[in-house]
Amino acid sequence: MLAVDTGLVEEWLSEFKTLPEASISSYATNLKDKSALISSLYRVIQEPQSELLEPVCHQLFEFYRSGEEQLLRFTLQFLPELMWCYLAVSASRDLQSSGCIEALLLGVYNLEIVDKEGHSKVLSFTIPSLSKPSVYHEPSSIGSMALTEGALSQHGLSRVVYSGPHPQREMLTAQNRFEVLTFLLLCYNAALSYMPAISLQSLCQICSRICVCGYPRQQVRKYKGVNSRIPVSSEFMVQMLTGIYYAFYNGEWDLARKAMDDILYRAQLELYPEPLLVANAIKASLPQGAMKSNKEGTKCIQVEITPTSSRISRNAVTSMSIRGHRWKRHEQAENGSDATEMGNFIIPEISVTNVSGEKTGNGEKSRALAENDAQHIQGVQETATDPRTDSKCMPEIRRQKSVRKMMEDGINSSGRVQF
């Protein structure tokens, strides 16, 4: 450890002790911008034999229980590195050098499992329903869902999962170790959006080391220092994947990809179904270009959101379009386009023949016949302009009505059938 790092850490330790109560808020706001101090603190934590490790852990715990939100987040950013140091020391069975780190982790855990009044917390998580849209999915993109009686009974019901109450711990053992570490990583993931880049890098690196230490892949990754296998739980690996998924879209593509591959490698060896499911889902949701690109700053997840306002098509039927369509029909009728309109239809001929040499009617009957024929032709034309009418059946119906009317006229005028 360099002398510059030692000087920065010692100045930080003495500065907070002499800080008045009224200046804590402004001090906490400016503390996150001191990148040189943060890097020096990481180097202290990475050296378990350092003399500054114990006062640093004590100071970080004072930050966490001060109640100041900025100081609390300042301590949280070192949690991944603290977990790795504790697990590495535990794997080497040198528990004496990790006493201060264990005390810090236990102190943060015992503060988080209770509220301000000292009562045990019960955390609740609502699982979204796939039948309702969210920022992550659209029900239409999933495919057709069978509307069974069981699915309909569950529609609209939200499933709530509870975590807690968690018991207080006085020491970390092999039985409760990953129960405590999983809960601490859950608290870290709840504040991921406030974590700096160096903290996300530390998270990805410790995830890779925890998963491959003691396995053949450690030689490929060239990790040194710890050669023993570190046992992990399925729940702890799921929490690691949560932070890695955030790191993918916030500037750490390469480290996050490596960490996810190592978690998949370890989950396959341990046959853990939950990490395998989550890791494969994350891998399938990532675009192919994102897996190969370098760091390019903060990214965002592209999703399709259902529009709040209905979209009107350009060809939608409105009152103005209906009115314009009617005017167009009247203009075509006035321009004498009868021949053009009738060219597409076959108008049946009405042949009226004389029976046994009888004479035709007088001029008035001839004019009535001509009027009936004209009405018949006009009815055929009007029927043909309507696209919803069958052009093959309606002319025949009109023709039968016209002949029937002529027969009735002949009977009414002379008492017998006239043609």
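## Contacts and the model

Two residues are in contact when heavy atoms lie within 4.5 Å. Keep that in mind for this predicted model.

## The chain as a whole

The chain has 20 helices and 2 strands. Of its 419 residues, 34% are buried. The chain exposes about 26,500 Å², and carbon and sulfur atoms supply 52% of that area.

Now take the contacts between residues at least 6 apart in sequence. Of these, 73% join residues at least 24 apart.

## Where α3 meets α11

Which residues of α3 meet α11? They are I38, S39 and Y42, and their partners in α11 are I198, S199 and S202.

Two packed helices are described by the angle between their axes and the distance between the axes. Here the axes of α3 and α11 come within 11 Å and cross at roughly 25°. Angles under 35 degrees count as roughly parallel, so α3 is roughly parallel to α11.

Helix α6 covers residues 79-91. At 1.5 Å a residue, its 13 residues should span 18 Å. The end C-alpha atoms are 18 Å apart, so the model agrees with the expectation.

How many residues of α6 are buried? The count is 12 of 13. Among them are L79, W84, Y86 and S90. The buried residues pack against α3, α5, α7, α10, α11 and α13.

After α6 comes R93, with a positive phi near 60°.

Technical notes. Residues are numbered from 1 along each chain as its sequence is written. This is a predicted model: local features need pLDDT of at least 70, side-chain atom pairs count only at pLDDT 80 or more; totals for chains, interfaces and linings use all residues. Side-chain values use heavy atoms; hydrogens and water are left out. Helices (H or I, at least four residues) and strands (E, at least two) are DSSP runs, numbered from the N terminus. The expected span of a helix is 1.5 Å times one less than its number of residues. Buried means under 20% relative accessible area, exposed over 50%, partly exposed in between (1.4 Å probe, protein chains only). Axes are lines fitted to C-alpha atoms, for helices over the stretch in contact, and angles run from 0 to 180 degrees between N-to-C directions. Angles under 35 degrees count as roughly parallel, over 145 as roughly antiparallel, 65 to 115 as roughly perpendicular and the rest as oblique. Accessible areas come from the Shrake-Rupley method with a 1.4 Å probe; for residues, only the protein chains shown count as cover.
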